[in-house]
Amino acid sequence: MSINTSVAGSGVASNSSTTILLGRILLAVIFLLSGFGKLTAIAGTAGYFGSLGLPLPTVTAVLVGLIELLGGLAVLVGFQTRIIAWVLAIFTVATGLVAHTGWADQMQMIQFLKNLAIAGGFIVLASSGAGSYSIDAKRG
């Protein structure tokens, strides 16, 4: 008994691309909102970064805001997805280690674990690629 793999395969590919798109949207939302928030409230963000002991807090706030906003946008549209997903995975773990290490506080532990989960999503995205509904698919 044989199965027509071209028909079955195309349905799977379409379904896979749809779920990858949904995952990209969900991952992008937090970075788009967070980056936009940082860039539109530089003074507050810089003050918070200064309280964490980060160097050049205003410059750091701008850089972090741009990484989040532009990285989120790239993930959303599926541009250079594998590279951006790795960058954001590393960035997300690093921010967890900088801002959420007060693990005696349950909320800080939850925030840190949230960062690890997001990084895991980015690593899966780096492995799978952006799917058919992306700029990457149109370019390649």
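Predicted model: local features only at pLDDT ≥ 70, side-chain atom pairs only at ≥ 80, totals over all residues.
Helix α3 takes in residues 57-77, and helix α4 takes in residues 81-99. Two packed helices are described by the angle between their axes and the distance between the axes. For α3 and α4, the angle is about 140° and the axes lie 10 Å apart. Angles over 145 degrees would count as roughly antiparallel, and those of 65 to 115 degrees as roughly perpendicular; α3 and α4 are therefore oblique to each other. Their crossing is left-handed. On the α3 side, the contact is made by Val-64, Ile-67, Glu-68, Gly-71, Gly-72, Ala-74 and Val-75, while α4 contributes Ile-84, Leu-88 and Phe-91.

The buried residues of the helix are Thr-60, Ala-61, Val-64, Gly-65, Glu-68, Gly-71, Gly-72, Ala-74 and Val-75. Among them, Val-64, Glu-68 and Gly-71 also take part in the contact with α4.

In the loop between α2 (42-51) and α3 sits Leu-56, whose phi is positive, about 40°, although the residue is not a glycine. Leu-56 has a relative accessibility of 62% and so counts as exposed, the cut-off being over 50%. Just after α3, Gly-78 takes a positive phi of about 75°. The loop between α3 and α4 also holds Gln-80, a residue other than glycine with a positive phi near 50°. With a relative accessible area of 28%, Gln-80 is partly exposed.

Thr-81, in turn, lies in helix α4. Its relative accessible area is 1%, so Thr-81 is buried, as the cut-off for that class is under 20%. With neighbours within four places in sequence left aside, the contacts of Thr-81 are Leu-125, Gly-129, Ala-130 and Asp-136.

How values were computed:
Residues numbered from 1 in each chain as written. Heavy atoms only, no water. Axes fitted to C-alpha atoms, helices over the stretch in contact; angles between N-to-C directions. Helix = DSSP H or I, 4+ residues; strand = E, 2+ residues; numbered from the N terminus. Parallel < 35°, antiparallel > 145°, perpendicular 65-115°, else oblique. Left-handed = near helix turned anticlockwise from the far one by under 90°. Contact = heavy atoms within 4.5 Å. Buried < 20%, exposed > 50% of the residue type's maximum accessible area, 1.4 Å probe, protein only.
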